[in-house]
Amino acid sequence: ETGVTQSPTHLIKTRGQQVTLRCSSQSGHNTVSWYQQALGQGPQFIFQYYREEENGRGNFPPRFSGLQFPNYSSELNVNALELDDSALYLCASSLVGVAGELFFGEGSRLTVL
Amino acid sequence: SQQGEEDPQALSIQEGENATMNCSYKTSINNLQWYRQNSGRGLVHLILIRSNEREKHSGRLRVTLDTSKKSSSLLITASRAADTASYFCATDADAGNMLTFGGGTRLMVKP
């Protein structure tokens with residue numbers, strides 16, 4: 001158990017819909033990152049939030065957006081869902097300025113039909 | 001896109017044997033990390049090696065890093081059935097914890 005919790009664990013959406021995924025960080029961690037993992041592939045970095053602001057972003061379009069709240073919990077929002085958005089979405093928490101171990105949640109598996 | 005390539009993509013061994021996985025990457029790094037993932041679940045951090053280190057040990061794990069060749073290897077000694085999982089290397093370019101993962105090696109350890 002890492003102390004990082006994600007919800008929902010599974011969900012199904014249809015193309016064009018919007019989805020919100022939630023993450024509660026490990027206690028004391030002030031940075032949250034989101035990753036997308038397609039089936040059979042490694043995770044890809046979406047973005048990172050620190051002090052409620054995005055401070056790094058991977059190669060993902062603007063329809064992927066996020067929020068970080070004062071209690072360090074976070075949301076990932078995806079608009080105008082596409083079939084290729086079907087994946088496991090992983091949240092990871094860490095401490096800013098401390099390079100190293102990321103604590104991952106169990107993920108939210110999104111299926112887009 | 002993913003920075004690293006991992007080799008082999010899949011590995012099947014008997015319990016008690018050693019397992020070696022390799023990772024190559026393309027750009028300069030601050031550190032390289034290895035993670036383990038059981039069957040589509042969350043990733044678990046195994047070990048981190050910094051760019052100025054060449055080898056690191058943790059229990060049955062040994063990691064090497066060759067920055068001149070932009071490659072790393074993970075050795076699991078005396079493997080157990082419980083080691084069955086996917087293993088990923090991940091690079092961190094600037095210690096900002098924004099990781100670039102490889103495609104992973106699927107390890108199966110047969111009892």
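Colleague: Which cysteine forms a disulfide with A:Cys23?
Modeller: This is a predicted model. The cut-off for a disulfide is 2.5 Å between cysteine sulfur atoms. One pair in chain A has its sulfur atoms 1.8 Å apart. The partner of A:Cys23 is A:Cys91.

Colleague: How many residues apart are A:Cys23 and A:Cys91, and in which strands do they lie?
Modeller: A:Cys23 is in strand E3 of chain A, residues 19–24. A:Cys91 is in strand E9 of chain A, residues 87–94. The pair links distant parts of the chain, with a separation of 68 residues.

Colleague: Is the link of A:Cys23 and A:Cys91 left-handed or right-handed?
Modeller: Take the angle about the S-S bond, which is -60 degrees. Both cysteines, A:Cys23 and A:Cys91, are buried. The handedness of their link is left-handed.

Colleague: What is the angle about the S-S bond in the link of B:Cys23 and B:Cys89?
Modeller: B:Cys23 and B:Cys89 form a disulfide, with sulfur atoms 2.0 Å apart. Their link is right-handed. The angle about the S-S bond is 70 degrees.

Colleague: Why does the pair of B:Cys23 and B:Cys89 tie together parts that are apart in sequence?
Modeller: B:Cys23 lies in strand E3 of chain B, residues 19–24. B:Cys89 lies in strand E9 of chain B, residues 85–92. The pair therefore ties together parts whose separation in sequence is 66 residues.

Colleague: Is B:Cys89 buried or exposed?
Modeller: Buried means under 20% relative accessible area. B:Cys23 has 2% and is buried. B:Cys89 also stands at 2% relative accessibility, so B:Cys89 counts as buried.

Colleague: What area is buried between chain A and chain B?
Modeller: Start with the contacts: 25 residues of chain A are in contact with 23 residues of chain B. Carbon and sulfur atoms give 50% of the buried area. The area itself is about 1,800 Å².

Colleague: Which elements give two or more residues to the side of chain A that touches chain B?
Modeller: Between chain A and chain B, seven residue pairs are in polar contact, both residues at pLDDT 80 or more. On the side of chain A that touches chain B, the elements giving two or more residues are strand E4 (31–37), strand E5 (44–50), strand E6 (53–57) and E9 of chain A.

Colleague: How many charged residues has the side of chain A that touches chain B?
Modeller: Sort that side of chain A by class. There are 10 nonpolar and 12 polar residues. The charged residues come to three.

Colleague: Is B:Asn31 buried or exposed?
Modeller: B:Asn31 lies in strand E4 of chain B, residues 31–37. Its side chain makes a polar contact with the side chain of B:Asn30, at 3.0 Å. Among the residues that B:Asn31 touches are A:Ala99 and B:Leu48. At 1% relative accessibility, B:Asn31 counts as buried.

Colleague: How far apart in space are A:Ala80 and A:Gln26, C-alpha to C-alpha?
Modeller: A:Ala80 lies in the loop between strand E8 (74–78) and E9 of chain A. At 41% relative accessibility, A:Ala80 counts as partly exposed. A:Ala80 and A:Gln26 are 54 residues apart in sequence. In space, the C-alpha to C-alpha distance is 30 Å.

Definitions and conventions: Residues are numbered from 1 along each chain as its sequence is written. Chains are lettered from A and ligands numbered from 1 in the order in which they are written. Side-chain values use heavy atoms; hydrogens and water are left out. Helices (H or I, at least four residues) and strands (E, at least two) are DSSP runs, numbered from the N terminus. Buried means under 20% relative accessible area, exposed over 50%, partly exposed in between (1.4 Å probe, protein chains only). Contact means heavy atoms within 4.5 Å. Buried area is the accessible area (1.4 Å probe) that two parts lose on being put together, summed over both. A polar contact is a pair of N or O atoms within 3.5 Å; within protein, one must be able to donate a hydrogen and the other to accept it, and residues adjacent in sequence count only if both atoms are side-chain atoms. Ala, Val, Leu, Ile, Met, Phe, Trp, Tyr, Cys and Pro count as nonpolar, Asp, Glu, Lys and Arg as charged, and the others, Gly among them, as polar. Lists of a residue's contacts leave out its neighbours within four places in sequence.
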